Amino acid sequence: MNDFKFSKREKVYLLLALAVLAMLFVSSSMTYHEQKMKPGFIHTYLGWLEDWIQRLNIYYGGVWHNVKTDGSAGFTQFVVRKMAHFGSYFLYGLFAYLGLRRVFVISWTGPFFVWATAFAFAAMDEFHQFLTGDRTPTVHDVMLDASGACLAIVLAVIYYLLKERAERKKSAI
């Protein structure tokens with residue numbers, strides 16, 4: 001039997017992945033009004049983002065979102081929320097992959113497993129939001145979450161493929 005042991009670094013990555021999941025659970029337990037950013041907060045701390053996104057027009061969930069339809073603060077809040085969805089699952093996908101990368105004997109099963117767990121957790125998280133008052137769960141958010149995890153995993157896989165290739169070239173010299 002193989003005596004596999006996680007390295008200290010892998011344990012840290014797995015703890016970080018669990019921390020992201022815990023943060024997501026707490027966040028989805030809060031009502032929309034508990035999470036809502038006030039326009040004053042947005043103008044004061046996210047004014048740079050308001051200026052940057054004012055010309056964007058985003059079609060999401062069957063609705064066009066922009067400054068004209070949502071207002072400046074509302075659109076900024078929409079963009080921040082969607083970036084948080086994508087970014088938190090990006091971090092989960094990255095940390096979980098880095099922590100579990102060596103566990104899988106067949107190389108493609110690791111990335112697929114991590115992505116599948118991210119997708120499953122995203123779906124469960126949206127269901128949890130359904131149970132929380134004043135929240136609207138959407139399939140679009142699940143897709144956005146799964147996309148964030150997928151991008152992180154793909155980038156990590158590419159990094160390790162390039163790293164292995166460079167090491168092979170170096171050892172061949």
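1. **What you are looking at.** This is a predicted model, where local features need pLDDT of at least 70, side-chain atom pairs count only at pLDDT 80 or more, and totals for chains, interfaces and linings use all residues. Residues are numbered from 1 along each chain as its sequence is written, and side-chain values use heavy atoms, leaving out hydrogens and water.

2. **The overall layout.** The protein has eight helices and two strands; these are DSSP runs numbered from the N terminus, with helices being H or I of at least four residues and strands being E of at least two. The C-alpha trace spans about 60 × 40 × 30 Å along its principal axes.

3. **Helix 1 with helix 7.** Two packed helices are described by the angle between their axes and the distance between the axes. Helix 1 (residues 8-29) and helix 7 (residues 109-131) pack at about 25°, with axes 8 Å apart. Here axes are lines fitted to C-alpha atoms, for helices over the stretch in contact, and angles run from 0 to 180 degrees between N-to-C directions. The two helices are therefore roughly parallel to each other (angles under 35 degrees count as roughly parallel, over 145 as roughly antiparallel, 65 to 115 as roughly perpendicular and the rest as oblique).

4. Contact means heavy atoms within 4.5 Å. Helix 1 contributes Leu-21, Leu-24, Phe-25, Ser-28 and Ser-29, and helix 7 contributes Phe-121, Asp-125, His-128 and Gln-129. These residues divide into four nonpolar, four polar and one charged (Ala, Val, Leu, Ile, Met, Phe, Trp, Tyr, Cys and Pro count as nonpolar, Asp, Glu, Lys and Arg as charged, and the others, Gly among them, as polar).

5. **Helix 6 with helix 7.** The axes of helix 6 (residues 72-100) and helix 7 come within 10 Å and cross at roughly 140°, and this crossing is right-handed. Among the residues that meet are Tyr-89, Tyr-92 and Gly-93 in helix 6, and Val-114, Phe-121 and Asp-125 in helix 7. The contact divides into eleven nonpolar, four polar and two charged residues.

6. **Helix 6 with helix 8.** Now look at helix 6 and helix 8, whose axes come within 7 Å and cross at roughly 40°. That makes helix 6 oblique to helix 8. Their crossing is right-handed, and the contact residues divide into 15 nonpolar, four polar and three charged.

Key:
Left-handed = near helix turned anticlockwise from the far one by under 90°.
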